[in-house]
Amino acid sequence: MQSFTYERAQTPAEAAKAAAERENAKFIAGGTNLLDLMKLEIERPTHLIDVGRLGLKEIEDTSDGGLRIGTLVSNTALSAHPRVRRDYAVLTRAIQAGASGQLRNKATTGGNLLQRTRCPYFYDTNMPCNKRQPGAGCAAQGGYSRQLGVVGVSDSCIATYPGDMAVAMRVLDAVVETIAPDGTERRIPIADFHRLWGDTPHIENALQPGELITHVTLPRPIGGRHVYRKVRDRASYAFALVSVAAVLQPDGRGRVAFGGVAPKPWRMPEADAELPRGAKAVVGRAFADARPTEHNRFKIALAQRALAGILSDAPAQQEG
Amino acid sequence: MSEARRFPVSRRGVIAGGTASVAAANLPWSDVKAQQVERSVEPPSVSVSLNINGEERDLELDTRVTLLDALREHVGLTGTKKGCDHGQCGACTVMVNGERVNSCLSLAVMHEGDEITTIEGLGTPDALHPMQAAFVKHDGYQCGYCTPGQICSAVAVLQEIERGIPSHVTDDLLADMQPTNMEMRERMSGNICRCGAYSNIAEAMADVAEG
């Protein structure tokens with residue numbers, strides 16, 4: 001690990017300001033992803049700003065019936081919150097489908113949104129990777145790409161966003177709140193938070209340098225049946241090959257987002273609209289522009305079957 | 001073709017060759033490393049106070065020292081084990097302020113004032129924690145390397161179930177959590193045992209859960 005200086009921030013505004021003032025600085029909260037990458041020298045910050053003591057661990061009701069989640073709320077605490085379990089069960093299900101108990105105790109809400117891809121070529125520093133080193137090339141294309149992206153990918157990068165929590169937040173239309181180094185606050189809809197790779201796969205989200213996530217807000221509950229189905233190589237503690245987050249209403253309408261297939265939680269309003277016509281119609285629309293490799297073509301069929309399984313479950317068998 | 005003919009290089013030869021190739025590979029790097037060292041001759045260090053198993057410990061540490069290395073190398077508590085050092089195996093599991101975490105994926109400096117409980121703090125050879133006694137009774141280990149992490153995790157899992165934290169296999173999110181075999185297996189998935197003592201670990205946990 002490269003050596004670094006360390007400071008403990010006292011307020012969100014101070015943290016954001018400090019990040020802008022120091023070259024090559026990074027925030028650290030749970031650290032479960034950042035320290036892993038620092039040990040491999042994929043991440044090499046020379047200054048760490050510990051935001052772990054900023055408070056921001058509260059989950060509060062909003063005036064319109066929604067929920068405002070402090071960025072430092074752990075994955076465990078968020079998934080176990082009584083209102084999340086009752087009104088946003090797809091979020092509890094998604095969080096509990098990811099990582100291990102030890103990691104969920106440490107991982108934070110904001111940090112989880114920022115976790116980086118698990119593409120094996122990103123992790124292998126002997127391989128060219130446009131995300132690690134812009135312009136170096138992409139070893140994944142033509143390489144072993146079974147786990148990698150099928151839709152929204154580019155010639156520069158076919159990595160996926162690996163998380164589960166954000167896929168559920170995408171169907172719930174969450175909003176990410178931030179503070180910038182100059183003290184400006186803004187609200188970013190989760191649909192716009194993660195970027196498609198395009199030809200700059202090293203830029204993964206909408207945050208500007210030094211901008212710090214402070215909260216994630218969930219709009220008023222929308223009812224319905226909440227389901228998160230994750231297909232992976234092990235029954236527990238593995239990243240998704242494909243995951244499906246869905247909120248389904250009794251009249252057949254609903255919302256659906258896919259994980260493990262794209263640079264971001266993959267949801268299209270046009271695909272949501274196909275839900276009453278079944279899984280084939282939804283997946284046909286959501287993956288119309290897919291460009292899979294020979295190794296990961298199976299993910300499209302898998303997504304359709306996972307969704308079909310969810311839709312065929314009788315509403316009486318509440319999974320949410 | 002015999003094994004010897006297919007692999008004519010002896011193990012000793014491979015090790016020697018491996019060392020040589022590492023040395024050669026290091027050549028271009030040595031300059032880079034020298035420059036990095038010059039840039040920062042003295043790696044930044046910080047003071048941190050930890051409460052470890054009820055004892056206050058004041059440490060002066062390189063910022064890079066993980067909680068795991070602080071425990072093992074600086075405090076001398078070697079019960080907590082280093083397996084993968086990347087949060088995948090769970091051998092380094094300890095409790096911080098009552099919650100289990102991977103001590104390898106946390107910097108010591110981030111734990112100023114925190115209460116750390118390691119396997120040494122759970123029980124002693126003369127006064128075993130009930131979970132330690134249950135692991136002995138049910139043969140919940142073979143080589144024992146993952147065991148301190150398994151036991152810390154197991155103790156925390158039963159507390160998490162009691163606190164009503166749901167899991168991936170919980171059917172009803174609104175009902176009380178039960179310490180079923182399925183629940184314990186799912187919740188222990190962050191602790192790997194290469195000897196495969198899993199079923200006995202689950203039995204030890206069930207024994208403790210039943211009181």
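Guide: What follows is a walk through the strands of chain A, then the sheet of chain B, and finally a pair of helices.

This is a predicted model, in which local features need pLDDT of at least 70 and side-chain atom pairs count only at pLDDT 80 or more, while totals for chains, interfaces and linings use all residues. Residues are numbered from 1 along each chain as its sequence is written, chains are lettered from A and ligands numbered from 1 in the order in which they are written, and side-chain values use heavy atoms, with hydrogens and water left out.

Let us begin with strand β6 of chain A, residues 175-179, where strands (E, at least two residues) and helices (H or I, at least four residues) are DSSP runs numbered from the N terminus. Of the 5 residues in β6(A), 5 are buried, meaning under 20% relative accessible area with a 1.4 Å probe and protein chains only, as against exposed at over 50% and partly exposed in between. In a regular strand the side chains alternate between the two faces of the sheet. In β6(A), Val175(A), Glu177(A) and Ile179(A) are buried on one side, and Val176(A) and Thr178(A) are buried on the other.

β6(A) pairs with strand β7 of chain A (residues 185-189) in the antiparallel sense over 5 bridges, where pairing requires that DSSP find at least two bridges between two strands. Within that pairing, Glu177(A) has Arg187(A) of β7(A) as its bridge partner. The two strands form a hairpin with 5 residues between them, and Gly183(A) in the turn has a positive phi of about 90°. β6(A) also pairs with strand β8 of chain A (residues 212-218), again in the antiparallel sense and over 5 bridges, with Thr217(A) as the bridge partner of Val175(A).

Elsewhere in chain A, an open sheet of 3 strands has the order β9-β10-β11 and antiparallel pairing. Because β9 (225-231) and β11 (254-259) of chain A each have a single partner strand, they stand at the edges, and one side of each is left without a neighbour in the sheet. From one strand to the next the twist averages 10°, with angles running from 0 to 180 degrees between N-to-C directions and axes being lines fitted to C-alpha atoms, for helices over the stretch in contact. β9(A) and β10 (residues 242-248) of chain A are joined by 7 bridges, and His226(A) stands opposite Val247(A) in β10(A). Helix α5 of chain A (residues 89-96) lies across β9 and β10 of chain A, running at about 20° to β9(A).

In chain B, 5 strands form an open sheet with mixed pairing, in the order β2-β1-β5-β3-β4. Its edge strands are β2 (55-62) and β4 (99-102) of chain B, and the twist averages 40° from one strand to the next. Helix α6 of chain B (residues 147-162) lies across β3 and β4 of chain B, at about 45° to β3(B).

Lastly, the axes of helices α12 (residues 279-286) and α13 (residues 298-312) of chain A come within 9 Å and cross at roughly 140°. Their contact (heavy atoms within 4.5 Å) involves residues including Val282(A) and Val283(A) of α12(A) and Leu307(A) and Leu311(A) of α13(A).
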